[in-house]
Structures are given as C-alpha cells and as structure tokens.
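Hi,

Here is the structure I promised to pass on. Have a look at it first, and my notes follow below.

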Amino acid sequence: MKKLTILAALCAAISAHAAEATPQAALDQFLKFELDGGRLHNDTEGYYEQVHLVDGWRTDAVSCDGARCKATVTFTYTPTTGLDMEQAVPHPKGGSAQVEYVVLQKGGQWSVEAGKDTPHVSRAAMEKMLREGL
C-alpha cells in the first residue's frame with residue numbers, strides 16, 4: 001500500500017476528461033489514460049489504496065441517446081494468487097467483469113464521466129510504475 005500511495009502522490013494531475021470529437025474516441029482516450037495508471041491520483045478523485053489489475057479488455061458498441069452515451073467495457077482481471085502486490089484488488093483466479101461508462105457531450109465535444117470507482121490498471125503498466133519507482 002505504501003508504494004501505491006507514493007506512486008499516486010507522484011502522478012501528475014492529468015485530466016481524465018479530455019474532450020474528443022466522437023463518443024468512441026472519448027472512451028478510447030479515457031481507457032488509455034486509466035489503463036496506464038492515470039487515475040491513481042487527480043485533484044477530484046483523491047488517492048486509491050488498491051486497483052484492479054487488468055490483462056485485457058473489450059469495449060462493446062457505444063449506444064447514444066442524444067448527448068448521453070453508454071458503453072460497456074469487459075475487463076479480464078489478472079489472477080492475483082501468488083502475486084506479491086498488496087495494491088491489487090484480490091481476483092484469485094482472475095475472471096472478468098463488465099463496467100459501464102457514461103460519455104457526455106458538452107459544447108460539441110465528448111468526454112467520459114469518471115466515477116469514484118476503483119481504477120483499472122493494466123498489469124504491465126503497474127509493474128512498470130513499481131519497477132521505475134514512480
């Protein structure tokens with residue numbers, strides 16, 4: 001937990017709400033940000049003690065109703081049995097889960113409405129951050 005707190009403290013406060021021209025582009029941009037560890041700390045969400053380690057993900061089609069869209073992302077979790085990483089939410093056998101994201105249009109641009117849920121970070125990105133001491 002100490003490493004994740006240090007990691008989060010050192011992460012730059014990058015906006016997870018980068019505006020894009022299409023709902024799919026906004027979702028893709030947000031997922032890249034999140035999976036690279038960008039949500040570990042920012043000014044509006046605070047710090048996280050744990051993250052879901054992710055080996056893969058798949059995005060279903062974005063469905064829109066006017067300026068509000070929803071998309072479901074299926075994450076494949078890293079099996080945590082045998083991992084010495086207390087920052088990981090336990091998923092002993094891995095598994096998968098679906099998470100719904102909301103994409104909103106404001107001023108002609110699309111952005112993802114970020115919640116306060118536990119971030120999803122790719123295992124490779126987390127290992128790299130811990131290895132580099134970020």
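A word on terms before the findings: a residue is called buried under 20% relative accessible area, exposed over 50% and partly exposed in between, using a 1.4 Å probe and protein chains only. Please keep in mind that this is a predicted model, where local features need pLDDT of at least 70, side-chain atom pairs count only at pLDDT 80 or more, and totals for chains, interfaces and linings use all residues. Residues are numbered from 1 along each chain as its sequence is written, and side-chain values use heavy atoms, with hydrogens and water left out.

Now the overall picture. The protein has three helices and eight strands (DSSP runs numbered from the N terminus: H or I of at least four residues for helices, E of at least two for strands). Their order from the N terminus is α-α-β-β-β-β-β-β-β-β-α. Of its 134 residues, 41% count as buried. If we take contacts (heavy atoms within 4.5 Å) between residues at least 6 apart in sequence, 68% of them join residues at least 24 apart.

Searching the whole structure turned up one disulfide, meaning a pair of cysteine sulfur atoms within 2.5 Å. It is formed by Cys64 and Cys69, whose sulfur atoms are 2.0 Å apart. The torsion about their S-S bond is about 100°, so the disulfide is right-handed. Cys69 is buried at 0% relative accessibility, whereas Cys64 is partly exposed at 46%.

Best wishes
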